[in-house]
Amino acid sequence: MFLSKFKLRNMKEDDIEIIYKNLHLDFVNKYFKNEKQQQKIHKNHNEWYKIHISSFDYSIYVFEDEKNNFVAMASYEILTDTAKVKIYLNKYFRNKGYSQEILSKSIDKFLQDNKEVKHLQAYILEENIASKKIFENAGFNYNNEKEICNDGLEYQIFIKKLQ
């Protein structure tokens, strides 16, 4: 319905700063008031993406609109026959009904390139009702599994079994 106007492509190094400004900067400014901390987070962000966009263990996709504006990012961390999926929407494209189709299109692309993957996992905060609905509508199920991740937060694990 909407995706005909969005392009999907592999992330490249030129996207790193765009992703930081559109997805991470507000969070960093909200939770880290110290300028040195902010600079360190920015540096770590750049280094992490530089390593992971060329890694065989990650697939990272960028969605753009017809004017090449950044719309969303989807990332997949490959763990043998399982992959962890995350999607992030630019705040200007949220609440417009795009998330479901962005998730679906990124899954299709990822599975074309990674046929050995048998399960997808999404780690979602309990209060993130919108994400839970999006992943459930895409065939993910929550089986009361939770995990505390590196950020110290507890996530519910949603799983989609593939054929």
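The legends below describe close-up views of a predicted model.

**View 1**
Helix 2, spanning residues 35–52, comprises 18 residues and reaches 26 Å from its first C-alpha to its last, which is close to the 26 Å expected at 1.5 Å a residue. Its buried residues are Gln38, His45, Asn46, Tyr49 and His52. These residues lie on the same side of helix 2 because they cover an arc of only 145 degrees around the axis. An α-helix has 3.6 residues a turn, so residues three or four places apart point the same way. On the face of helix 2 turned away from the buried side are the exposed residues Lys36, Lys40, Lys43 and Ile51.

**View 1. The start of helix 2.**
At this end of helix 2, asparagine 34 places a side-chain oxygen within 2.7 Å of the backbone nitrogen of lysine 36. Lysine 36 is also one of the exposed residues on the face of helix 2 that is turned away from its buried side.

**View 2. What covers the buried side of helix 2.**
The cover over the buried residues of helix 2 includes helix 1 (15–31), together with strand 2 (58–64) and strand 3 (70–79). Helix 2 lies across both of these strands, and runs at about 110 degrees to strand 2.

The loop between helix 2 and strand 2 contains isoleucine 53. This residue counts as partly exposed because its relative accessibility is 23%, and buried would mean under 20%. When residues up to four places away in sequence are not counted, isoleucine 53 touches Met11, Lys12, Glu13 and Ile60.

Seven strands form an open sheet with mixed pairing, and their order is 1-2-3-4-5-7-6. Strand 1 (7–10) and strand 6 (141–148) are the edge strands, each of which pairs on one side only. On average, neighbouring strands of this sheet are turned by 30 degrees against each other, with direction ignored.

**View 3. The pairing of strand 3 with strand 4.**
Strand 3 and strand 4 (residues 82–89) run antiparallel and are joined by eight bridges. Strands of a sheet pair through backbone hydrogen bonds, either parallel or antiparallel. Glutamate 77 has lysine 84, in strand 4, as its bridge partner. Strand 3 is also among the elements that cover the buried residues of helix 2.

Note on methods:
Residues numbered from 1 in each chain as written. Predicted model: local features only at pLDDT ≥ 70, side-chain atom pairs only at ≥ 80, totals over all residues. Heavy atoms only, no water. Helix = DSSP H or I, 4+ residues; strand = E, 2+ residues; numbered from the N terminus. Expected span 1.5 Å × (residues − 1). Buried < 20%, exposed > 50% of the residue type's maximum accessible area, 1.4 Å probe, protein only. Arc of directions from axis to C-beta. Contact = heavy atoms within 4.5 Å. Polar contact = N/O pair within 3.5 Å; in protein donor to acceptor, adjacent residues only side chain to side chain. Pairing = 2+ DSSP bridges. Axes fitted to C-alpha atoms, helices over the stretch in contact; angles between N-to-C directions.
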